[in-house]
Amino acid sequence: MVSPADGALSPVTAFALVGALGVGSQWLAWKLRLPAIVLMLVAGLLVGPVLGVFDPARDIGDLRGPMISIAVAIILFEGGLTLNFHSLAGAAEGVRRLVVLGAPLGWLTSALALHFVAGLSWESAAVFGGILIVTGPTVIAPLLRTARLQKRPSALLQWEAIVNDPVGALAAVLAFEVVAVVHADASAALALWELLGGIAFAALVGIAGGWGIARAFDRGQVAEYMKVPVLFAALLAGFALADALLHESGLLTVTIMGIWIANAGLPSYEEIRRFKEHATILLVSGVFILLAAGMNLETLSVLDWRAAVFVVVLILIARPLAVLTALAFTKVPMRERLLVAFTGPRGVVLVAVAGLFGDRLVALGLEDASRIAPLAFVIVAATVVLHGFTLAPLARALGLTATGRGGVVLVGGSSFSTALGEALEKLTIPVLVTDTNIIRLRGARNAGLRTFYGDILSESAEYGLDLIGYDQVVALSENDAYNTLVATDLATEYGRTHVFQLRREVQETRRHTLRTTLGGRRLVGGLTYGELSRRMHQGWRIRTTRLSEEFGYRAFREAFPDSVLIGELPERGALRLFEPREDGSDPKLGMAAQVIHLAPPEPAAEAAAKGGQD
């Protein structure tokens with residue numbers, strides 16, 4: 001067994017460190033509400049070039065390159081899985097323009113900036129300019145999750161990032177082949193034929209792979225527990241097959257394969273997509289740590305002031321010019337055009353592909369190509385930090401985010417749903433009431449609440465409703481099974497701590513107790529739909545009571561001893577809904593909070609609470 005060199009980590013220790021730093025950075029970013037990519041970048045730089053604890057080339061060796069290539073392929077495949085054509089509603093024209101016009105224009109403006117500002121030769125600028133088309137799906141996804149953009153601008157940025165990633169890699173392949181032909185005096189026609197043939201082959205492999213997987217899954221020819229492993233094996237085989245014919249064309253193959261499967265209407269698609277999302281979080285974390293830790297400070301030191309000026313020109317001139325020109329004369333509002341134009345973070349694919357082609361250009365005799373890899377890393381670092389901290393403020397300034405407090409989706413129309421919705425609306429909390437029966441929505445509509453007639457789990461709701469401003473879901477229908485289905489399905493999207501449902505009518509025995517993985521948290525003191533309906537019929541109503549130093553929790557309970565607590569709205573902060581405690585005690589209420597509760601129709605209570613509520 002070969003022992004690690006002095007100061008080097010064993011491969012097992014290196015992998016463990018990468019995993020701990022990557023996932024730890026994501027968790028810390030979630031706790032601190034910071035862009036995860038920024039923390040991963042800092043963590044990688046600290047353990048790599050700053051402290052020298054981890055050097056991927058030394059500790060992992062030749063496996064580093066293939067690992068990054070496979071990880072990028074899986075990341076792009078997962079990105080393709082998210083691109084259901086239904087999600088393009090309202091953004092199809094903009095995405096088409098960004099791909100058909102925006103990509104070539106971005107290539108041109110980036111190449112011009114690289115030559116005249118950064119000082120690269122035309123050959124190096126042409127190759128690197130093609131790579132700069134990409135906007136980084138690995139970076140866009142976490143940024144969109146944090147910024148809470150409206151549906152259409154979010155779709156524009158996401159589709160552009162996913163589709164243009166393989167386009168950018170292929171643009172670099174095209175430019176490199178041309179440069180290679182010039183330097184080798186080979187036949188231009190032959191090189192072009194090989195290039196177009198490779199692209200066509202990669203596309204055909206992606207379509208065939210996606211079609212084959214979808215057909216096999218739909219016909220039950222693959223066992224449920226084998227679907228994810230089969231999917232992994234198929235995408236790796238497709239990537240390797242296309243990449244063997246034309247380097248980096250495998251990215252196009254896996255992207256097309258993912259998009260095909262996403263639009264195949266598979267019943268098990270959601271499970272596949274969620275698993276892939278989890279895998280992508282791990283891969284993005286690992287790749288970013290590897291790339292940051294592998295950066296050499298001496299290599300970065302070759303960059304001069306022209307590199308800094310180029311980054312500014314790229315962000316403020318080259319990309320905005322390409323995007324605004326591509327989206328001109330479209331139905332996309334100017335606010336959304338500006339947001340997309342000034343949002344172009346680069347990520348894993350840029351650094352990985354730039355490093356590859358930089359080495360190949362140097363091998364052809366272009367010495368200035370040695371600056372491509374460090375320049376790519378500086379672009380990624382600058383755009384990640386800039387957009388990580390400015391996307392949300394910019395979107396808010398343009399009015400393209402959900403404003404105010406996070407809203408609540410009330411599933412099931414009833415007198416209680418309407419009353420709760422009215423109480424929340426008075427507290428400036430957005431409310432959406434949904435039901436499959438339009439008659440049951442009459443009360444909510446008469447009260448001026450926003451309603452949706454249909455199934456909250458339907459494709460119509462998924463692609464037609466803009467739910468970006470809603471943080472919590474409460475299932476209040478009379479159908480216990482449906483409440484459980486809604487809570488279980490939406491828990492993966494909203495988080496299980498933000499999904500509630502009424503207690504089921506059945507007696508809570510071992511025979512009727514559901515698994516802990518099913519359903520949501522209980523609400524309204526654990527009352528059932530029938531118990532709530534009877535109380536509303538008896539005159540109980542939902543009230544809001546403000547607590548203060550003069551009218552604290554004890555005074556509140558003296559005034560409303562029989563009230564059932566529903567939630568509270570702190571003076572500063574988000575709505576907090578209460579899950580009943582096992583011992584029946586009340587949760588701790590905050591000072592100066594608005595308490596939402598179901599109160600009995602007792603005039604004495606109203607008199608005792610005079611001045612303290614409503």
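What volume does the largest cavity have? About 110 Å³. I will come back to the residues around it.

Some ground rules. This is a predicted model, where local features need pLDDT of at least 70 and side-chain atom pairs count only at pLDDT 80 or more, while totals for chains, interfaces and linings use all residues. Residues are numbered from 1 along each chain as its sequence is written, and side-chain values use heavy atoms, with hydrogens and water left out.

The overall picture. The protein chain has 24 helices and 10 strands. Those are DSSP runs, numbered from the N terminus: helices are H or I with at least four residues, strands are E with at least two. Of the 614 residues, 52% count as buried, meaning under 20% relative accessible area with a 1.4 Å probe, protein chains only. Take contacts between residues at least 6 apart in sequence: 74% of them join residues at least 24 apart. Contact means heavy atoms within 4.5 Å.

Now the cavities. The grid is 1 Å, over the protein atoms alone, and a cavity is a set of points where a 1.4 Å probe fits but cannot get out. Lining residues have an atom within 4 Å of a point. Points are joined across faces, edges and corners, and a volume is the space filled by probe spheres set on the points. There are four cavities of 30 Å³ or more.

Back to the largest cavity. It is lined by 17 residues, and the closest to its centre are Gly 102, Gly 106, Ile 133, Arg 319 and Ala 322. Helices α5 (92-118), α8 (151-184) and α14 (305-326) each supply at least two lining residues. α5 gives the most, with seven. By class, the lining has eight nonpolar, six polar and three charged residues. Nonpolar here is Ala, Val, Leu, Ile, Met, Phe, Trp, Tyr, Cys and Pro; charged is Asp, Glu, Lys and Arg; the others, Gly among them, are polar.

The second largest cavity holds about 50 Å³. Its lining includes Phe 416, Leu 476, Leu 502, Tyr 529 and Met 536. α18 and α22 (529-537) each supply at least two lining residues. The largest share, four residues, comes from α22. Six lining residues are nonpolar, three are polar, and none is charged.

Four strands form an open sheet, antiparallel, in the order β7-β10-β8-β9. Two strands pair if DSSP finds at least two bridges between them. At the edges sit β7 (541-546) and β9 (576-577), each pairing on one side only. β8, residues 564-569, pairs with β9 over two bridges. Gly 567 stands opposite Leu 577 in β9. Helix α18, residues 415-426, packs on this sheet and touches β7, β8 and β10 (594-599). Its direction makes about 20° with that of β7. Axes are lines fitted to C-alpha atoms, for helices over the stretch in contact, and angles run from 0 to 180 degrees between N-to-C directions.

Last, a pocket. That is an open set with protein on both sides within 12 Å along at least five of seven lines. The second largest pocket has about 760 Å³ of space. Of its 30 lining residues, Arg 64, Val 351, Ala 352, Gly 355 and Leu 356 are the closest to its centre. Helices α4 (64-81), α10 (227-245) and α16 (348-363) give two or more residues each. α16 contributes the largest share, nine residues. The lining divides into 15 nonpolar, 10 polar and five charged residues.

Conventions: Buried < 20%, exposed > 50% of the residue type's maximum accessible area, 1.4 Å probe, protein only.
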